[in-house]
Amino acid sequence: MSEEKKSLNFIEQIIEEDIKQGFQKENLRFRFPPEPNGYLHIGHTKAIGISFGLGEQYNAPVNLRFDDTNPAKEEQEYVDAIKKDIEWLGYQWANECYSSDYFQQLYDWAVILIKEGKAYVDSQSSEEMAQQKGTPTEAGVASPYRNRGVEENLSLFQRMKAGEFEEGTHVLRAKIDMESPNMLLRDPIMYRILKKAHHRTGTNWVIYPMYDWTHGESDYIEQISHSLCSLEFKPHRDLYNWFRDEVYNYSKNQYPLLPKQREFSRLNLSYTIMSKRKLSKLVDEEIVSGWDDPRMPTISGLRRRGYTPKAIRNFIETVGVSKRENVIDVALLEFKIREDLNKTANRVMGVLNPVKLVITNYPEGKEEVLIAENNPEDEQSGSREVPFSRELYIEREDFKEEANRKYFRLSLGKEVRLKNAYIIKGESCVKDANGEITEIHCTYDPLSKSGSGTEESKRKVKGTLHWVSIAHAVSAEVRIYDRLFSDEAPGSHKEKDFMEFLNPDSLHITKAFVEPSLQNANIGDQFQFQRLGYFNIDNDTSPEKLVFNKTVGLRDTWAKKNK
RNA sequence: UGGCCUAUGGUGUAAUGGUAACACACCGGUUUUUGGUGCCGUUAUUCUAGGUUCGAGUCCUAGUAGGCCAACCA
């Protein structure tokens, strides 16, 4: 038995240390708390992977909690999409929770805070309050309403709840410290008036709790042991603890466990953006076809593109967890999907940029059925039949009249193998008035058939080409994607808008010919088009029209050398 | 002109005071009926300067660089 010592990331170390200090393992509990105001993207997958991963590791419950405290931005559509994405990734939540379920509890606690003189109603405009707040380098000053009496505060807050005031007229603030070096402690707002229908509570409430007041207390109510979030929430930790400790004073019997917030750096991916605001701009301005456009870094986009849950989870695991700012090379994500698909995707033949090839010594009208291996990486995958005939399509790039020794493909006078078929030799080509090649003529060696066992079939020729028989080919639409942005970090430029880096050629649609076995493939099925890349069947496919998405190309050292 | 956080190859992550490791990327070789896959190999004075220590990537101090914080957003 090899006792392999796996290194722990800093969050796992914190948990291990807590356990060592006497924290009961059974009390471990995590949560993933998205706001339902958009679709999940690959960045969220890191947060999902951390919390749900910890849950799997320690056999601890993980709640899915919708942080739905701002009815102006949130919708049921997003709740549904988020649930679907997390399920698709293969994670299971213990409880489906909503911050809005805690509105009454939160309100009751807020009333206690007011009674204890630790919260007050401020009746200024947001501009006035911003003025008094100071700056990171200058202390703030107290609001004129800061010392309002408890009775007045109580009555005002009740009337806010009763809907007696217009939006923007009053807010409830925690009374902490206007001079704190941490801006968040300068009497943060706990409640604001918002006369908007909420996707779950309807019009029951017209005051809504702010993030800081809601989030920590939701963790506390759910008795989350370790509340993990991204680095930008670090300054919120002091406030998280302040609210938590206040509430603990009068709720410790019901809720004995004090949650702990810890922060990790979020994921950035090269050549894309990760902000919901920017992503929704691409959708709104119809730069992409929707949240699930295969070019989008959303989970739904990646899914449609042909990424698998396994590849995404492997990716997240490889990326690791730390507190450093980072930009992950998108090449790592691409490596992970190739790694997965190489093992699982059946190999087929499809020609994307066809040119006609005629085997002049192959009898006219003759047809053969050849046997092709489905996946050399998987013995269980078996084989299939592929029809062969005198006239084929091959890739235009696979023929050159004259070529040097480095070119392993077809040229005049040179031999090459047709995958799973015969060795052929280039003889001549036919051109149109513009000099464009319209037809290539070749001869074949009838004894060289793949797998026939003859001496001729064992001959080594340098190149192997994929092909489809013209008479049997099925036509299909193939959508080929390039990165959405031409810049490595389109969202990080202070002087330039990310939209300036849009790649105008991120989508290329082409008509291709594929082997007939693909005729009956289903939406979502994934294949390796040999020598080209991995492709899946898009949802736009109908009985009349086959549509493929190119998930990712094969590694191509030849193309790289010719750059 | 404040507070907090971070600094290890091109990118990311490890090394828990004791020989800087792994993955991707890159470059080269090898195998191959996919220029794919697999296999092998090359690529680092651990931001700087001091200090503590027998010994520092790791601890301390200062500097430098980057990030976060002034929404009735989350």
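# Chatting through a predicted fold

Mentor: Let's start with N420: at 16% relative accessibility it counts as buried, meaning under 20% relative accessible area, with exposed over 50% and partly exposed in between (1.4 Å probe, protein chains only).

Trainee: Where is the place of N420?

Mentor: N420 is in the loop between β16 (415-418) and β17 (423-431). Helices (H or I, at least four residues) and strands (E, at least two) are DSSP runs, numbered from the N terminus.

Trainee: What about the phi of N420?

Mentor: N420 is not a glycine, yet its phi is positive, at about 65°. Most residues other than glycine have a negative phi.

Trainee: Which loop is Y271 in, and what is its phi?

Mentor: Y271 lies between β9 (260-264) and α9 (276-284). Y271 also has a positive phi of about 65° without being a glycine.

Trainee: What should I know about the model itself?

Mentor: This is a predicted model, where local features need pLDDT of at least 70 and side-chain atom pairs count only at pLDDT 80 or more, while totals for chains, interfaces and linings use all residues. Residues are numbered from 1 along each chain as its sequence is written, chains are lettered from A and ligands numbered from 1 in the order in which they are written, and side-chain values use heavy atoms, leaving out hydrogens and water.

Trainee: And what is the mean pLDDT of chain A?

Mentor: The mean is 96, with 99% of the residues of chain A at 70 or more; pLDDT is the predictor's confidence in each residue, from 0 to 100. The model's ipTM is 0.96 and its pTM is 0.96.

Trainee: New topic: in what order do the seven strands of the open sheet run?

Mentor: The order is β19-β16-β17-β18-β12-β15-β20, with mixed pairing. At the edges are β19 (464-465) and β20 (468-469), each pairing on one side only. Two strands pair if DSSP finds at least two bridges between them.

Trainee: In which sense do β15 and β20 pair?

Mentor: Antiparallel, over two bridges, with β15 covering residues 391-395. L392 has S469 in β20 as its bridge partner.

Trainee: Which residues touch the most other members of the largest nonpolar core?

Mentor: I86 and F315, out of 46 residues. Such a core is a set of buried Ala, Val, Leu, Ile, Met, Phe, Trp, Tyr and Cys residues joined through side-chain atoms within 4.5 Å. Helix α2 gives the most to this core, seven residues.

Trainee: What is F315 in contact with?

Mentor: Leaving aside neighbours within four places in sequence, its contacts (heavy atoms within 4.5 Å) include I42, L267 and K336. A second, separate core has 34 residues, among them Y102 and F243.
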